[in-house]
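Please consult the sequence and the model together when reading this briefing.

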Amino acid sequence: MNVQASNSNLIKSATGDWEVVVGLEVHAQVSSNAKLFSGAATAFGGEPNSHVSLVDAAMPGMLPVINEECVAQAVRTGLGLNAKINLRSVFDRKNYFYPDLPQGYQISQYKSPVVGEGEVAVDMPYGTVRVGIERLHLEQDAGKSLHDQHPTMSFVDLNRSGVALMEIVSKPDLRSSEEAKAYLAKLRAIMRYLGTCDGDMEKGNLRADVNVSVRRPGAALGTRCEIKNVNSIRFVGQAIEYEARRQIGILEDGGAIEQETRLYDAGRNETRSMRNKEEAHDYRYFPDPDLLPLDLSEAHVEELRRDLPELPDAKKARFMSAFGVAAYDAEVLVAEKESADFFEAVVTRADGTARDAKLAANWVLNELFGRLNREGRGIAASPVSSAQLGAILDLISEGTISGKIAKDLFEVVWAEGGEPRTIVEARGMTQVTDTSAIEKLVDDVITSNPDKVGQAKMKPAMIGWFVGQVMKASGGKANPQTVNDLLKAKLGV
Ligand code: MN
């Protein structure tokens with residue numbers, strides 16, 4: 001449900017406006033050492049068919065045994081999505097044939113999923129969009145078919161076969177590619193905070209099936225197409241943009257949309273038809289006779305709820321109320337748990353007292369993130385630690401160094417490491433706050449530029465030029481505020 005619908009989301013066309021309607025089915029690999037129904041490892045990148053138990057290979061007579069940690073992870077995720085946890089759920093067989101599916105069916109959940117309806121708050125520039133969650137169910141992943149290893153043969157790698165997936169189905173509450181991207185990023189962040197899915201899209205640990213339809217504003221839902229297995233947030237946005245325009249083109253030409261499954265080709269930035277969409281009854285779902293219904297106790301669910309970590313929304317609210325961080329800054333800081341933890345470590349001194357949060361947010365978001373981005377590094381690989389950055393901020397706050405010297409100091413710490421205060425002392429980077437020393441520099445600049453002094457009396461903005469000259473003469477070490485005050489007094493502006 002859009003709390004604050006935005007008209008800017010409408011797609012303009014010569015025949016009038018169109019609204020795009022999007023729902024996402026996200027497959028998230030459960031973070032767990034073992035598979036959903038076997039003890040085989042889930043580690044990525046093993047030799048083909050090296051992590052395959054007899055259950056995963058569907059040997060006759062083998063029985064699945066539920067991995068309770070995978071169930072706990074699904075419940076944690078459900079709680080993180082503010083969703084209803086179903087104390088009884090049922091595993092079903094979804095029947096289809098594929099060479100990398102040795103059972104001939106996928107164990108999934110159909111009518112009774114482990115998690116029911118929930119909601120995710122997505123912050124957009126025009127307000128918060130509340131995206132409904134329809135359900136979350138547990139299911140097995142399939143293996144992988146390898147077609148390009150040999151000219152005439154295909155191979156099957158069953159390492160992924162039986163790995164636990166959470167399928168998270170949203171309601172069709174998204175109204176633009178931007179909203180869909182923001183929702184997927186938020187979902188990923190929530191699961192990474194919870195530790196229930198690492199969200200590594202390059203490894204295929206988070207994939208989205210994207211349902212797209214278009215309609216005239218206020219009209220009934222249009223026929224949708226499902227774009228399968230999109231594996232990056234950017235591609236989700238591009239696939240929606242392309243697909244919406246394709247459908248609008250067909251409708252404006254008087255055609256009708258056929259419900260079908262499509263593929264997104266990132267190389268060509270287009271979607272292509274794969275097959276007509278199967279109906280649920282094509283899969284012949286029925287309860288898996290090898291598995292009892294999954295019963296959870298209220299006490300177990302409450303225990304998992306109690307142990308949940310602080311999630312992005314709560315952390316953002318706390319950064320705003322406890323530290324006075326601006327809403328947008330707080331949002332950027334909490335988008336990744338590592339950044340939020342880093343900021344919190346910078347803003348908090350070892351003795352528990354808080355540093356200037358505005359200054360800390362500014363340095364983390366601009367100086368540090370900017371430098372990390374330029375080097376293509378993540379926060380975990382930052383050469384400047386939170387303790388070192390905190391020490392630099394203390395030197396600024398107490399007036400020992402100016403903001404400009406702090407930037408030089410940051411570069412020294414980045415390149416060479418070391419304790420900021422020791423570096424400042426050893427290299428004489430201390431800011432000059434001694435008024436008489438600065439006054440001498442100010443006087444020098446004024447006496448050697450009598451013409452500029454005359455101009456400054458007519459045009460007070462000229463003072464900036466004088467400040468620059470004095471700062472230059474001091475080697476960047478003069479306290480800029482003191483320089484400014486002295487110049488104003490002496491020039492009488
Ligand atoms: Mn699925």
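Donors are N, O and S atoms within 2.8 Å of the metal (3.2 Å for Na, K and Ca); water is not among the atoms, so sites may look incomplete. This is a predicted model, in which local features need pLDDT of at least 70 and side-chain atom pairs count only at pLDDT 80 or more, while totals for chains, interfaces and linings use all residues. Residues are numbered from 1 along each chain as its sequence is written, and side-chain values use heavy atoms, with hydrogens and water left out.

**Manganese site**

- The manganese ion has H27 (NE2), E139 (OE) and E167 (OE) as its protein donors, at 2.0 to 2.2 Å.
- The sequence spacing of these donor residues is H-x111-E-x27-E.
- H27 belongs to strand β1 (residues 19-29) and E139 to strand β6 (residues 127-140), so this pair ties together parts that are 112 residues apart in sequence.
- Strands (E, at least two residues) and helices (H or I, at least four) are DSSP runs, numbered from the N terminus.
- H27 and E139 are both buried, where buried means under 20% relative accessible area, exposed over 50% and partly exposed in between (1.4 Å probe, protein chains only).

**Sheet**

- Eight strands form an open sheet with mixed pairing, in the order β5-β6-β9-β1-β10-β11-β12-β13; two strands pair if DSSP finds at least two bridges between them.
- At the edges stand β5 (118-124) and β13 (270-276), each with a single partner strand, so one side of each has no neighbour in the sheet.
- From one strand to the next, the twist averages 30 degrees.
- Seven bridges link β5 and β6 in the antiparallel sense, and D123 stands opposite T128 in β6.
- Helix α1 (residues 68-80) packs on the sheet and touches β6 and β9 (164-170), with its direction at about 165 degrees to that of β6.
- Contact means heavy atoms within 4.5 Å; axes are lines fitted to C-alpha atoms, for helices over the stretch in contact, and angles run from 0 to 180 degrees between N-to-C directions.
- Strand β12 (residues 260-265) runs antiparallel to β13, joined by six bridges, and D265 has E270 in β13 as its bridge partner.
- The hairpin of β12 and β13 has four residues between the strands, and N269 takes a positive phi near 50 degrees there.

**Helix α10**

- Buried residues of α10 are I405, A406, L409, F410, V412, V413 and W414.
- The cover over these buried residues includes α8 (357-374), α9 (386-397) and α11 (420-426).
- After α10 comes G417, with a positive phi near 75 degrees.
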